[in-house]
Amino acid sequence: MALDKLKVDYDFNDFDFRFSIGYSDCDLAKTLGLGIEYMLRQNADVVIEPSCPEEYRIGACALQVVSQFTWDIISIIYTTNEVRFCDDMIDSLMDSFNGASASSTPRVALKQIIDEDDNDSYTRTLQQIKARSRVVILCMDLATDRRGFLIRANRMGMTNSEYVFLMLNIRSTGFGRAGAGKEILANGFMPFWEDSVNGNIDGMDSVANSAAKYMILVSDLQIGKIVDDFLLCSST
């Protein structure tokens, strides 16, 4: 269908098109191998790379950060919904862990789905984290959930130099969220620690802001880019 469309829109009738398709399964080694095969051995004129979702790359980037800091014990918490935004991100993370060498793979002390509306379960999960690890990898689809986590972590005494929170994100918003707020980050978004829903009725914006200082963002932003003093790691 695509070729027929090209012939209709452009004068390609005198050209003989031949298509070769290879399946990389979004695996980097397979992708490079196919690229070499088509460009060097088959002399292809055009090679189109796979449109792999960014969540498959974020896991590898997170593993790189964990290995760089030699963190050997981690906990993982995330939210879930019908979109499976965080489910897929965490699956990518676990795939990266499973495919890495034993020397660079941390031990997962806890892996748990959390529910903002289930206060007792949420509190128990944070208590378990305090007893088992000091590095927490988290993915939360909603900005309100990310703000809520920071507030809970502060109440549990986890926002200090003993802990670090590694947040996974592929939406190029950094520490921001869409909307109009009192503060605007360098990327043009309002910070997610601001309560744009209820106008900071709980008075916890400053608490969430302070807690965010212990968070590292793994995102699809450019390598080495700094947004408001927060370190960003890129998957590209």
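**A briefing on the chain and its buried parts**

Phe-165 has a relative accessible area of 0%, which places this residue among the buried ones because buried means under 20%. The structure described here is a predicted model. The points below begin with the chain as a whole and then turn to one strand, to the aromatic rings and to the disulfide.

**The chain as a whole**

- The chain has 236 residues, and 41% of them are buried.
- Its secondary structure consists of 7 helices and 9 strands.
- When contacts between residues at least 6 apart in sequence are considered, 62% of them join residues that are at least 24 apart.
- The accessible surface amounts to about 13600 Å², and carbon and sulfur atoms account for 50% of that area.

- Strand β7 covers residues 215–219, and because 5 of its 5 residues are buried, the strand is largely enclosed by the rest of the structure.
- In a regular strand, side chains alternate between the two faces of the sheet.
- Which residues of β7 lie on each side? Met-215, Leu-217 and Ser-219 are on one side, while Ile-216 and Val-218 are on the other.
- Both faces of β7 are covered, since the residues on either side are all buried.
- Strand β4, made up of residues 164–168, pairs with β7 in the parallel sense, and 4 bridges connect the two strands.
- Within this pairing, Leu-168 stands opposite Val-218 of β7.

**Aromatic rings**

- A pair of aromatic rings is described by two quantities, the distance of the centres and the angle of the planes.
- How many aromatic pairs are counted? The count comes to 4 aromatic pairs.
- In one of them, the ring centres of Phe-149 and Phe-165 are 5.1 Å apart and the planes stand at 90°, so the pair is edge-to-face.
- Phe-149 belongs to helix α6 (residues 143–155) and Phe-165 to strand β4, so this pair ties together parts of the chain that are 16 residues apart in sequence.
- Phe-149 is buried, with a relative accessible area of 0%.
- Phe-192 and Trp-193 also form an edge-to-face pair, because their planes are at 65° and their ring centres 5.8 Å apart.
- Is each member of this second pair buried or exposed? Phe-192 counts as buried at 0% relative accessibility, and Trp-193 counts as buried at 3%.
- Phe-175 joins Phe-192 and Trp-193 in a cluster that is linked by ring pairs.

**Arginines over rings**

- Arg-146 lies over the face of Phe-192, at a distance of 5.3 Å from the ring centre.
- The charged end of Arg-152 is placed over the ring of Tyr-122, 4.1 Å from the centre of that ring.

**The disulfide**

- The structure contains 1 disulfide.
- Which residues form this link? Cys-86 and Cys-139 form the disulfide, with their sulfur atoms 2.2 Å apart.
- The angle about the S-S bond is -80°, and the link of Cys-86 and Cys-139 is left-handed.

Notes:
Residues numbered from 1 in each chain as written. Predicted model: local features only at pLDDT ≥ 70, side-chain atom pairs only at ≥ 80, totals over all residues. Heavy atoms only, no water. Buried < 20%, exposed > 50% of the residue type's maximum accessible area, 1.4 Å probe, protein only. Contact = heavy atoms within 4.5 Å. Areas by Shrake-Rupley, 256 points an atom, 1.4 Å probe, with all protein chains shown as cover. Pairing = 2+ DSSP bridges. Phe/Tyr/Trp six-rings, centres within 6.5 Å; stacked < 30°, edge-to-face > 60°. Lys NZ or Arg CZ within 6 Å of the ring centre and 35° of its normal. Disulfide = S-S within 2.5 Å.
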